[in-house]
Amino acid sequence: MNLDKIKKVSVLGTGNMGPGIALQFARAGYLVCIWGPDESFRSQGVANFKQNLDDMVCQGFLDKVEAFKIHQHTTISSDLDAVCSDAQFIVEAIPEVLELKQDLFSRLEEICVQDAIIASNTSTLLPTPLSEKMQYKERMLVAHFWNPAHLAPLVEVCGSPLTLPRVIETTMELLRKIGNEPVLMRKEILGFIGNRIMHAMNREALALIGAGVCDAEDIDKVVNASFGPRFAHLGPMEYLDFSGLDLIKNIQGYLYGDLDNTPGVLPVVEHLVAEGKLGIKTGKGLFDWSSRESNIREKRDKEFMRRLKEKSKQTV
């Protein structure tokens with residue numbers, strides 16, 4: 001499948017990621033059809049899609065004419081055959097259950113055209129086990145969008161050893177065309193790049209909390225008032241070169257051996273989950289949310305839109 005042959009994109013799933021992925025493709029002018037087999041989740045997916053679109057209009061990121069065109073380009077259905085039979089690019093975004101995804105990919109091969117590209121939005125599962133039940137494994141790969149998918153530029157692309165190079169190349173070209181910044185994984189590895197880096201930081205932060213060094217609020221203050229803003233403009237690897245690798249070598253020599261290396265779930269997380277303290281959805285987690293601002297999604301999306309506006313001005 002060449003890039004110029006891709007006219008219709010199907011997004012499978014109406015949960016947290018599907019509507020955002022669909023919006024990103026629709027913004028770029030593609031005909032998009034969303035599949036949602038469950039009526040309640042489908043209704044919620046439509047609501048999320050509209051809310052994201054309304055937010056972009058309110059923030060001046062899109063005008064009403066552009067929003068109308070996006071609506072015109074997007075449909076939703078519970079009929080998998082109708083959604084996928086004439087699609088050239090398919091993105092799966094159903095729950096992170098290996099067997100569910102494997103069965104869906106196997107079913108898709110009975111429906112879609114033979115040269116359609118099938119991508120999974122999984123954030124953790126690898127393409128080799130995902131494609132195990134497929135007959136044409138060479139056209140399947142992972143395209144991991146980050147949340148919020150309609151605003152976060154990064155997409156991690158990972159093929160299996162059987163994925164054809166042209167499938168990877170076309171996917172990378174397509175993602176760039178719709179405004180994303182794809183990064184190609186050169187080999188399969190759990191968690192890909194972003195989640196491995198993020199969870200390595202989370203492990204150390206949670207270990208510090210568990211050891212009584214600080215509390216959760218201190219961790220966020222440290223990040224938000226130091227390397228958080230720095231890394232918005234200077235990559236961590238650039239920072240190493242900027243600091244000098246001789247200095248970095250000295251620090252690694254005495255610090256790395258003292259960092260947490262817990263192989264599984266951190267005790268502080270085990271205890272909170274056992275107590276039913278799961279975060280915002282239960283009112284308590286690492287924080288007590290009854291006395292904190294909970295409009296995190298709105299603040300996050302505004303910041304992404306601000307950054308994207310700035311980048312757009314710089315490229316004009």
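This is a predicted model: local features need pLDDT of at least 70, side-chain atom pairs count only at pLDDT 80 or more; totals for chains, interfaces and linings use all residues.
User: OK. At what angle do the axes of H11 and H12 cross?
Analyst: Roughly 105 degrees, and the axes of H11 (residues 236-243) and H12 (residues 245-255) come within 6 Å. Angles of 65 to 115 degrees count as roughly perpendicular, so H11 is roughly perpendicular to H12.

User: Which residues in H11 and H12 meet?
Analyst: From H11, Leu-240, Asp-241 and Ser-243; from H12, Leu-245, Leu-247 and Ile-248. By class, that contact has four nonpolar residues, one polar and one charged.

User: Now H2 and H3. How do their axes cross?
Analyst: At roughly 160 degrees, with the axes of H2 (residues 39-58) and H3 (residues 64-73) coming within 10 Å. The two helices are therefore roughly antiparallel to each other. The crossing of H2 past H3 is right-handed.

User: And which residues meet there?
Analyst: Phe-49, Lys-50, Leu-53 and Val-57 in H2 meet Lys-64, Ala-67, Ile-70 and His-71 in H3. The classes in this contact of H2 with H3 are five nonpolar, one polar and two charged.

User: Switching to rings. How many aromatic pairs?
Analyst: The count comes to six. One of the pairs is Phe-25 with Phe-89, tilted, at 6.0 Å centre to centre and 45 degrees between the planes. This pair links distant parts of the chain, as Phe-25 is in H1 (residues 18-27) and Phe-89 is in strand S4 (residues 89-92), 64 residues apart.

User: Are Phe-25 and Phe-89 buried or exposed?
Analyst: Both are buried.

User: Which residues do ring pairs link into a cluster?
Analyst: Phe-25, Tyr-30, Phe-89 and Phe-145.

Conventions
Residues are numbered from 1 along each chain as its sequence is written. Side-chain values use heavy atoms; hydrogens and water are left out. Axes are lines fitted to C-alpha atoms, for helices over the stretch in contact, and angles run from 0 to 180 degrees between N-to-C directions. Helices (H or I, at least four residues) and strands (E, at least two) are DSSP runs, numbered from the N terminus. Angles under 35 degrees count as roughly parallel, over 145 as roughly antiparallel, 65 to 115 as roughly perpendicular and the rest as oblique. A crossing is left-handed if the near helix is turned anticlockwise from the far one by less than a right angle, and right-handed if clockwise. Contact means heavy atoms within 4.5 Å. Ala, Val, Leu, Ile, Met, Phe, Trp, Tyr, Cys and Pro count as nonpolar, Asp, Glu, Lys and Arg as charged, and the others, Gly among them, as polar. Rings of Phe, Tyr and Trp (its six-membered ring) pair if their centres lie within 6.5 Å; planes under 30 degrees apart count as stacked, over 60 as edge-to-face and the rest as tilted. Buried means under 20% relative accessible area, exposed over 50%, partly exposed in between (1.4 Å probe, protein chains only).
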